[in-house]
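Please look over the model below.

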Amino acid sequence: MTPLLAQRLIAVPFLVLGAWCLFLPRMVEQLGFRPEYYHGTATTALMMGCFGAQAVLAGLFAWFSRFTRTTFLVYGIALLPFFWFNYWFVFVVPMFNEWMLLDFGANVAMLVLCVIGYRASARETA
């Protein structure tokens with residue numbers, strides 16, 4: 001796999017899941033939160049939509065930028081706190097339900113792609 005393909009695949013979860021939050025914020029909130037944490041207000045829909053818009057923006061940057069070996073390394077390191085977030089808000093303070101596995105799976109995939117892109121970048125510069 002080339003570094004460019006790895007970086008574009010990293011962009012996909014941001015674009016897909018972000019667009020879902022942006023265009024269907026009420027659905028995401030209703031599906032993702034446990035009933036005791038679900039609010040379903042115009043404010044929470046707006047916040048979910050803003051979250052989605054930022055994710056789409058991050059996906060566009062990931063798609064159209066050119067990642068270096070360092071970018072893959074830093075991006076992979078930056079993903080690590082998200083695993084703590086997934087764990088904390090599913091198991092310790094269970095605000096999210098099993099739909100959060102989509103986010104966890106996307107984070108795992110992006111971390112693997114960072115490793116692949118990092119290694120592939122070394123081969124291209126050698």
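Cysteine 50 counts as partly exposed because its relative accessibility is 43%. Buried means under 20% relative accessible area, exposed over 50%, and partly exposed in between (1.4 Å probe, protein chains only). This is a predicted model: local features need pLDDT of at least 70, side-chain atom pairs count only at pLDDT 80 or more, and totals for chains, interfaces and linings use all residues. Residues are numbered from 1 along each chain as its sequence is written, and side-chain values use heavy atoms, without hydrogens and water.

The structure holds zero disulfides (a pair of cysteine sulfur atoms within 2.5 Å). For cysteine 50, the nearest cysteine sulfur belongs to cysteine 21, 11 Å away.

| Residue | Relative accessibility | Class |
|---|---|---|
| Cysteine 50 | 43% | partly exposed |
| Cysteine 114 | 3% | buried |
| Asparagine 107 | 3% | buried |
| Leucine 9 | 34% | partly exposed |

Asparagine 107 is found in helix α5. Helices are DSSP runs (H or I, at least four residues), numbered from the N terminus. Beyond neighbours within four places in sequence, asparagine 107 is in contact with Leu79, Phe82, Phe83 and Asn86 (heavy atoms within 4.5 Å).

Leucine 9 lies in helix α1. A nonpolar surface patch of about 810 Å² includes Leu9, along with Met1, Leu5, Val12, Val16, Leu101, Phe104, Val108, Val112 and Ile116. Patch residues have over 30% relative accessible area and no salt bridge, with nonpolar side chains joined within 5 Å. A salt bridge is a side-chain nitrogen of Lys or Arg within 4 Å of a carboxyl oxygen of Asp or Glu. Both α1 (3-23) and α5 (101-125) supply at least two patch residues. The largest share, five residues, comes from α5.

Definitions and conventions:
Patch = residues over 30% accessible without salt bridge, like charges linked within 9 Å, V, L, I, M, F, W, Y side chains within 5 Å. Areas by Shrake-Rupley, 256 points an atom, 1.4 Å probe, with all protein chains shown as cover.
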